[in-house]
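Have a look at the sequence and the structure, then read on.

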Amino acid sequence: MAGDTIITVVGNTTAAPEGRFFPTGAFVANFTVASTPRTFNKQRGEWEDGETLYMRCNAWGKFGEQIVDSIESGARVVVQGRLKQRTFQNKEGEKRTVVELEVDELGPSLRYATAKVTKVKKNNQRKQAPAETTAPTAEVGDDDPWGAAPEPQLVGAGASSASGEGNPPF
């Protein structure tokens with residue numbers, strides 16, 4: 001997309017993503033990622049936190065539903081997308097402008113956690129009601145290398161990983 005400003009933000013979600021359906025049937029997930037840079041101060045011999053960036057994020061359609069089903073509050077994520085600016089009037093009639101991240105890709109950061117990926121079936125029909133709180137499961141064929149039984153989405157730091165038998169080599 002020529003002219004788009006594409007950025008990657010690594011940080012923690014400030015709350016669980018919220019999703020909603022529009023009267024047209026379109027679905028959007030909204031969430032905020034907080035990213036705080038850290039630098040080492042050689043004079044003091046300690047790490048210092050910089051100014052926190054709070055980036056409001058939007059994801060549309062089935063992708064947005066999968067984010068609502070998969071990501072929790074405080075989850076460390078890697079988000080990539082396009083910066084979008086929009087202008088609107090608030091309830092008081094004042095003109096406001098915001099910059100948001102239209103998400104193209106989102107994944108868990110594996111620096112302090114582990115994750116098991118579950119492939120979503122291609123012909124998985126969109127829900128007509130708001131997303132449920134249970135994690136999605138995929139029905140896949142025996143010939144699908146991703147066809148392993150679904151496991152928990154995220155495992156906390158320090159937890160032991162699976163043996164790796166029958167799982168993809170990453």
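## Around arginine 76

Setting aside residues within four places in sequence, arginine 76 is in contact with Val10, Gly11, Asn12, Gly107, Pro108, Ser109 and Tyr112. Bear in mind that this is a predicted model. Arginine 76 sits in strand β7, and with a relative accessible area of 31% it is partly exposed. From arginine 76 to glycine 107 it's 31 residues along the sequence, while their C-alpha atoms are 8.8 Å apart in space.

## How the strands pair

What does strand β7 pair with? Strand β7 (residues 76–89) pairs with β8 in the antiparallel sense, over 13 bridges. Within β8, threonine 97 is the residue opposite threonine 87. Five residues lie between the two strands of this hairpin, and glycine 93 there takes a positive phi near 85 degrees.

Strand β8 (residues 95–108) has another link too: two bridges join it to strand β6 (residues 53–60), and those two run parallel. Asparagine 58 has glutamate 102 in β8 as its bridge partner.

## A buried serine and a helix

Is serine 35 buried or exposed? Serine 35 counts as buried, because its relative accessibility is 18% and the cut-off for buried is under 20%. You'll find serine 35 in strand β3 (residues 27–35). A polar atom of its side chain lies 2.8 Å from the backbone oxygen of valine 10. Not counting residues up to four places away in sequence, serine 35 touches Val9, Val10, Gly11, Glu51, Thr52 and Leu53. Val10 and Gly11 turn up among the contacts of arginine 76 as well.

Now for helix α1 (residues 61–70), where the buried residues are Gly61, Gly64, Glu65, Ile67, Val68 and Asp69. And what covers them? The cover includes β2 (18–21), β3, β6 and β8.

## Charged pairs

How many salt bridges does a search of the whole structure find? The search turns up six. Here are some of them, with the distance between the N and O atoms.

| Pair | N to O distance |
|---|---|
| Lysine 84 and aspartate 4 | 3.9 Å |
| Aspartate 49 and arginine 38 | 2.7 Å |
| Glutamate 94 and arginine 96 | 3.0 Å |

Take the salt bridge between lysine 84 and aspartate 4. This pair links distant parts of the chain, since lysine 84 is in strand β7 and aspartate 4 is in the segment before β1 (6–13), 80 residues apart. Lysine 84 is partly exposed, at 33% relative accessibility, and aspartate 4 is partly exposed too, at 25%.

Then there's the salt bridge of aspartate 49 with arginine 38. Aspartate 49 lies in strand β5 (residues 46–49) and arginine 38 in strand β4 (residues 38–41), so their pairing ties together parts 11 residues apart in sequence. Both aspartate 49 and arginine 38 are exposed.

As for the salt bridge between glutamate 94 and arginine 96, glutamate 94 is partly exposed with a relative accessible area of 39%, and arginine 96 counts as partly exposed at 42%.

The protein chain has a mean pLDDT of 81, and 71% of its residues reach 70 or more. Over residues 129–170, though, the pLDDT is below 50, and this stretch has 45 contacts in the model beyond near neighbours in sequence.

Technical notes. Residues numbered from 1 in each chain as written. Heavy atoms only, no water. Pairing = 2+ DSSP bridges. Helix = DSSP H or I, 4+ residues; strand = E, 2+ residues; numbered from the N terminus. Buried < 20%, exposed > 50% of the residue type's maximum accessible area, 1.4 Å probe, protein only. Contact = heavy atoms within 4.5 Å. Polar contact = N/O pair within 3.5 Å; in protein donor to acceptor, adjacent residues only side chain to side chain. pLDDT = per-residue confidence, 0-100. Salt bridge = Lys/Arg side-chain N within 4 Å of Asp/Glu carboxyl O.
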